[in-house]
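Student: Hi! Could you walk me through some helix packing in this one?
Tutor: Happy to, let's have a look together.

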Amino acid sequence: MRTSAVIAVLAALIWSTGCASPMTLATDGETDCVIVLAEDAGAPQRTAAEELQHFLQQVTGAEFSLVAPGDAREDAPAIVVGPNELFAAACPDIDLADLEHDGIVMRTIGDDLYLAGDPPRGTLYAVYTFLEDVVGCRWWSSTESFIPERPTLEIGELNTVHVPPLQYREAFYRDAFDGVFAPRLKINGHFERIPPERGGHYRIIGWCHTFYALIPPQQYFDEHPEWFSEINGERTAERAQLCLTNEQMRAELVRNALAWIADNPDAGIISISQNDCHNPCQCEACRALEEREGSPAGPLIHFVNAVAEEIEKQYPDVLVETLAYTYTRNPPLHVRPRENVVVRLCTIECSFSQPLATGEHNEQFREDIEGWSGIAPRLYIWNYVTNFRSYILPHPNLRVLAPNIHFFVENNAVALFEQGDSGCSCSDFPELRAWLLAHLMWDPSRDADALIDQFLEGYYGAAAEPLRQYIDLIHDAAERSGVYLRCYMADTSAWLTVEDIARAIGLFEDAMRRVEDEPELSRRVRRARMPLDHVRLLRTHSLKRAARLGGEVAASAVLPDDPVAFCEDFIEAAHDFDVGNYREGRPFTDYEPKLRGLIQAAAGAPPPPPEMCEGLPEDRWVVLEDAEFRLYGEGRWVSIVDDQEAADGRAARMPANHHEWATQCPIPAEIASAGPWHCYARVRCEAKAEEGAGFTCGIYDAAAGQGVVHREVSIPEAGEGYQVHDLGEHDLTPNVYFWFAPCRNPEEVEAVCIDRIFLVREAQ
């Protein structure tokens, strides 16, 4: 029996067990049962009835007539859909208005079944819940489903009332935006494109980070610099915020916000929220309010309260949302959000390999959510469930999804935005994640492991078992390592060992063998393998270096026979799967040259060794080339360019018009375990002047949150052409990285170029 059929049978058994007189909906493909819908039913209720009719016909082969309440035969079984006089007479104890926020009712009375819910979506959700949990239908994605064949369909006694604890539920994945699939998952958030006839969805005017959208600096700064942040005694609009104690600015912002609402009268929520950067205003008034409240959230909530009070005068039903995000995450000591203010607390700094409720890395967030839950009348959560730096990598956080949703609900959260990788189709099991999160948000009491198994069996067929073993493998590896799994991870070297990669390759080979005769399932498994293939590509340099340094596992254990051909196959597959973005806001096409360069550099002849390493044994020195650098603001703050003076013909070039740590280089695991190392960097400063600042560089320990080395190199010290700069001897860990930055002095320096970093260790 196919696994999907097993699911349907189990669902039927669960709902019929212990029922003395099951209700018969169809017998041998024939039915007397009708679907009853009020003649004046709204569009979502009519959609619900039509969906029920459509899927019951698919399941049983029978034609279920759609009739008005007065046309239903008294002696024939009926499925009453939505609120009408029949529902009111049969269920006088239930007031649908009391259910609120998409609550549903499924009840059998005699030979009749009643499916209804809180308008506008509740009745539709009742129908989908019935079809899924009772009949056995499954919608795995917007294009893949399982509809059981049951010509004789009997259901057991039902008496279910369910009100989801989360009124706003959003799974931020590309497929989940589909306006037909989203209501089947019972999600209803801002980005889900659900039309009114399928119940619509919540909308937030402006979405988030709206300060500069409401008070654009290009329109206001020249005339009113006092409306913007004061930083180090100067007013600025560059990557900054608004002056939240300025009443004149607030009045203008209110006028603009009211205009937004007038243009979007049906939205119901408007975002009045900080920009996506730091630099809150530090003028005397803002600083005093911040000190009195013990948090930068103090000035923010005072400001948003005042805006919300003005909005309420004209739009009493509109909610005003703001963010508790990065520097505003700690709740204020005294001020309390108004009743019409929504606080959306963000988890961006947390470790996602550990539960938020118990993980040692997440203690500060626990304090923050407990504080906000005690003062916010409406607490929303913005949770991060992907890796924004590299979507196409394993991200072992499935085990914390259910505990975290429980934790949010226990702390009075009423809305949840689960930000996944909507821009990418080749990430870490995106269909599974959207489906799992939707089911857990609808009912947090569900067993996450059982849901995962159910999805794998239904979506991947015979490949489910090895894929489940792979999922367990990567999660065990993360837990074993104790990694602080952020939502910005450049690679997997901090937690996934070579032995783990070798086992993962074997599991995917097993999965492919099991479905080799089923093209569609083979294609799904191939797509699920993309993150593992990406690991193998990114670790090519590292694996070869591990073998050269005398590592126990040879590079050949996990390296493809032909890395260049493997890379081209990966790129071709990505396009075949319509990959989209490889990281937040960056299309995969931008990544292809970097990926090809990385593999070609690893597969080709190595550049010449640094001069001071000539003659040393190979296991005493290593080189980190530009192909392994991590670039921030690529194309704006830094670019990899051709450079004949560089050892490998390429270098990271940073224009001197900023001071960001735009060029970084993480420490690979095989180096971290083989120190201490004497560290050197080969850098060129393209100076225009004879004096002044050249560049800054150093080594930073991200785990400890502190610098290991910080050097300021003047133009004379930088010299002409490429020079080697000594950064000292250090024990390096996987949490440490090298960094380089210009000094924002374009009048003195054209650019700073980093060729390579090399490390030398003493003889063991």
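**Helix packing**

Tutor: This is a predicted model. Let's begin with a pair: α13 passes α14 in a right-handed crossing.

Student: Which residues of α13 and α14 make that contact?

Tutor: From α13 you have Leu398, Leu401, Ala402 and Ile405, and from α14 there are Leu432, Arg433, Leu436, Leu437, Leu440 and Met441. Sorted by class, that contact has nine nonpolar, no polar and one charged residues.

Student: And at what angle do α13 and α14 pack?

Tutor: The angle is about 20°, and the axes are 10 Å apart. Angles under 35 degrees count as roughly parallel, so α13 and α14 are roughly parallel to each other.

Student: Switching topic: what about α21 and α22, roughly parallel or antiparallel?

Tutor: Their axes cross at roughly 170° and come within 9 Å. The cut-off for roughly antiparallel is over 145, therefore α21 and α22 are roughly antiparallel to each other. Their crossing is right-handed.

Student: How do the residues of the contact of α21 with α22 divide?

Tutor: There are ten nonpolar, two polar and three charged. Among them, Phe570 and Ile571 belong to α21, while Leu595 and Ile599 belong to α22.

Student: Now α16. Which helices do its buried residues pack against?

Tutor: The buried residues of α16 pack against α13, α14, α15, α17, α18 and α19. Those buried residues include Leu467, Arg468, Tyr470, Ile471 and His475.

Student: How many residues does α16 have, and how far does it reach?

Tutor: Helix α16 has 18 residues and reaches 26 Å from its first C-alpha to its last, close to the 26 Å expected. Just after α16, glycine 482 takes a positive phi of about 70°.

Conventions:
Residues are numbered from 1 along each chain as its sequence is written. This is a predicted model: local features need pLDDT of at least 70, side-chain atom pairs count only at pLDDT 80 or more; totals for chains, interfaces and linings use all residues. Side-chain values use heavy atoms; hydrogens and water are left out. Helices (H or I, at least four residues) and strands (E, at least two) are DSSP runs, numbered from the N terminus. The expected span of a helix is 1.5 Å times one less than its number of residues. Buried means under 20% relative accessible area, exposed over 50%, partly exposed in between (1.4 Å probe, protein chains only). Contact means heavy atoms within 4.5 Å. Axes are lines fitted to C-alpha atoms, for helices over the stretch in contact, and angles run from 0 to 180 degrees between N-to-C directions. Angles under 35 degrees count as roughly parallel, over 145 as roughly antiparallel, 65 to 115 as roughly perpendicular and the rest as oblique. A crossing is left-handed if the near helix is turned anticlockwise from the far one by less than a right angle, and right-handed if clockwise. Ala, Val, Leu, Ile, Met, Phe, Trp, Tyr, Cys and Pro count as nonpolar, Asp, Glu, Lys and Arg as charged, and the others, Gly among them, as polar.
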